[in-house]
Amino acid sequence: MRGASPSKPDTVFRVRKELTSVALAIGISVFLIYALPIADYLADWGALADIATGLTVSLSFLFIAISSGFSSLKISQASPPSTATDANPEKGSPGNVTPLTVLILLAALGLCSLEWYLHRDDRNPFLASSRPEANVDTWLTADGYAMLLDGHIAQNDGTFLLPMLRMFTGDARPAPSEFDARAGHLYFVSFLVPWLGTYWAFAGTNLVFWWLAVVSVWWLGNRNWSEKSIGLIGAVLVATSQGFIFMGTAPQPHAVAFGLFGVLLVAHDLLLNRRLDASFSKAVRFGWATGSSGLIYFVHVPSLIYLWLAMPLRTHWRVMVIGTLTALSILTVWQIIGSYLGLSFSGGNSALATEAVANWVTIFRGGLQNIAAWGHYSRPRGTMLGAFWYPWWILAAIGWWKSPRIARNWAMVVLIAAFAPALLFTTRFQLPRVAFFAYPGMLLLASVGIDEIAKLSSRIVSSFASGTAPVRREAYIATVISILVALATVTNRDLITGSLRFAVNFHYALGTEW
Amino acid sequence: MIPRHIGRMSAGIAALILVVAIVDTPWETAVARGFFVVSIGFGLIAGSGLIGARTQFATAFVILTLAVAQRLPGQAVSNPPSPNWTRTISDTSELAEHRFSLTETAWKAALSKSATTSLLVCAEAVLDQPDAMTVTIATNNGTVTRVVGAEDAHGAHPRPDRGGFYRMPIQRDLFDRAGEATVTVSTSKTLTPPLRLCGTHSIRPGVDPNASRFFSGTEWITPPGPTSHTRWLIELRLADQRGRTILAWY
């Protein structure tokens, strides 16, 4: 992505290609809707708009990804990062720790801890959204899909992780389960069990990676945008984001995986993007990091898509191949070792992914009608909105428009890497939690949107008031804080009003309602 | 010079982590831990070297501390009690009872907004008959008794071989200004085979831990179950005008 000539900056993405992709997607979506068979749901304008939006967004990302592939092939020469190709070459240097840095890190930990603690036990949105009041699984008991872990009420899927956890603590022999491929998560949790007990060990592990996600986004914001405020605003958005709040105290690997994706983006930047000597060893190191993260939960999929889209294919294909093979090797070696230990690696998400692929084959065999109907039955719009609600999309759109080209391209690659698997999986399940892997790109673009609105507010205030720098600065800060508080109010709505709406949307994805 | 020195120390600590992880453990645990120390542990240590030698040393030290802590005697992995158990009610003299407190603010607020109320009872295995179970609900406004059977099955799960809810609509007036409601469940006289009533934990704060009990024919006892806070799976549901559940209560 940054390997282009300074004299003629060339990147994987260009605005005109993105806009062309969107225009093409809109046209094809409208055409596809005409291909749909007559059905009751087509009599509803809201449902029609739902299909059109779902198809348009999905096809837009598909066409942008395809155009990036072609652009990628054209770039034939890698050159050093420069002011033309490197958004912020002087900033983001690791190892430069100042008192302010420490203060920011501590503040980030404090904010994550506050959200984490407020959403513990029965207030964990993953668990709460399974209660009958959520009106999805109404056949469940009043406490939802729950178990008692050390006396704490917790999401019940954690039950199936405990045999593996006992293996790591040395208390039991290996027992096969659907979650054998996610053993790395339980390796982390097993460190904390003797100190904290099982419930807090799971929750504590989540908190550590929640904080790492915040720090990663802060670093990536400083790295890709020149304004210091972008990284800071992005960090607050991650700390108060729906995905981390939803998973914060659940005995599940998702929060850990979300955090690791942010760390992997940083690692990619340090190992491959910032340096031209993207050598064999660096590719192996990034592949190793990706494969190890894939032992937690699913992170390797968006990470590998990112690897293949973030750099010019023609000049970096060896790095991509080596990184991919290394990552897959790590995962394969664990399967071999685990099988030797008696684990099964069957069922669970692997089986569901296979079913999703089989469903796609059926859809394509069914022709245009089935492809168009996917936009209704698989709820692509609902999946994306479940992960990030309208205000975040609007802010991100503003941010995309106002961001410098390099940063915009970087964010778009992150979005594609996260949304592609989520959309592909919709034929089996709608999982906004998978789409949430887009948080580094999405929330940093939203940060730019907030920054732009605050700047506008500052200009408006200065036109009425004295126009002095302190006044403009105060107006800017007040606007940023107001928007951040408003967004945090949305993600904390469950605590404030008791409404489970956003938790339900994140758990199951929206239907055709707007 | 210092970073190189620290780098060597980090490598030494990494080797020590591996030793600590695998020594004197069951061989399966040693193999699994060994793999993850190498893949994740060493990966983290190597990766943190990108930030700086001191960060790498700190990472190695933290992982060693955690590996040691993993070996220390402490809390064991908990064994969650089963959230689902059943009690067979085989004789008409046996009775299951659950008392609902209706004085809490959450109940009153939801009742004022509700359009319909219903009682849900979970049972297993026997309700393929139309008259399997007799349910009585009593408040200070009156008493309602109904025979519940297969046609009252509610939700996805009720099957003859699997527990599930059976739903009984209740007139909302029964709860007006009521401070308590008592539900009793007994078998039908014509019943064969016996009824199996579901039970689970009583988790919500504020709920009387003795709200559920069982009459064995001679005495009242607490329901069976894996914890001291057990309850029958008998719940009240309040729904709004669109039929959406606004409160599930026990």
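Student: How much area is buried between chain A and chain B, and what percentage of it do carbon and sulfur atoms give?

Tutor: Before the numbers, please keep in mind that this is a predicted model, in which local features need pLDDT of at least 70 and side-chain atom pairs count only at pLDDT 80 or more, while totals for chains, interfaces and linings use all residues. Residues are numbered from 1 along each chain as its sequence is written, chains are lettered from A and ligands numbered from 1 in the order in which they are written, and side-chain values use heavy atoms, with hydrogens and water left out. The size of an interface is often given as the accessible area lost when the parts come together. Buried area is the accessible area (1.4 Å probe) that two parts lose on being put together, summed over both. Here about 4500 Å² is buried between chain A and chain B, and carbon and sulfur atoms give 66% of that area.

Student: How many residues does each chain bring to the contact?

Tutor: Contact means heavy atoms within 4.5 Å. Chain A brings 53 residues and chain B brings 51 residues.

Student: Which elements of chain A give two or more residues to the side that touches chain B, and how many salt bridges and polar contacts cross the interface?

Tutor: A salt bridge is a side-chain nitrogen of Lys or Arg within 4 Å of a carboxyl oxygen of Asp or Glu. The rule finds two across this interface, and Glu28(B) forms a salt bridge with Arg173(A), where the closest N and O atoms are 2.6 Å apart. A polar contact is a pair of N or O atoms within 3.5 Å; within protein, one must be able to donate a hydrogen and the other to accept it, and residues adjacent in sequence count only if both atoms are side-chain atoms. Across the interface there are 16 residue pairs in polar contact, both residues being at pLDDT 80 or more. As for the elements, helices (H or I, at least four residues) and strands (E, at least two) are DSSP runs, numbered from the N terminus. Those of chain A that give two or more residues to the side touching chain B are β1 (146-149), α5 (162-169), α6 (183-224), α9 (254-273), α10 (280-297) and α12 (313-341). The largest share, 13 residues, comes from α6(A).

Student: Is Thr169(A) buried or exposed, and what is it in contact with?

Tutor: Buried means under 20% relative accessible area, exposed over 50%, and partly exposed in between (1.4 Å probe, protein chains only). Thr169(A), which lies in helix α5 of chain A, is buried because its relative accessible area is 15%. Leaving aside neighbours within four places in sequence, Thr169(A) is in contact with Ser190(A), Arg33(B) and Val77(B). A polar atom of the Thr169(A) side chain also lies 3.0 Å from the backbone oxygen of Arg166(A).

Student: What is the relative accessible area of Ala327(A), and where does this residue lie?

Tutor: Ala327(A) lies in helix α12 of chain A, and it is buried, since its relative accessible area is 0%. Apart from neighbours within four places in sequence, Ala327(A) is in contact with Gly287(A), Thr290(A), Gly291(A) and Leu304(A).

Student: Where is Arg177(B) found, and is it buried or exposed?

Tutor: Arg177(B) is found in the loop between β7 (164-170) and β8 of chain B, and it counts as exposed because its relative accessible area is 79%.
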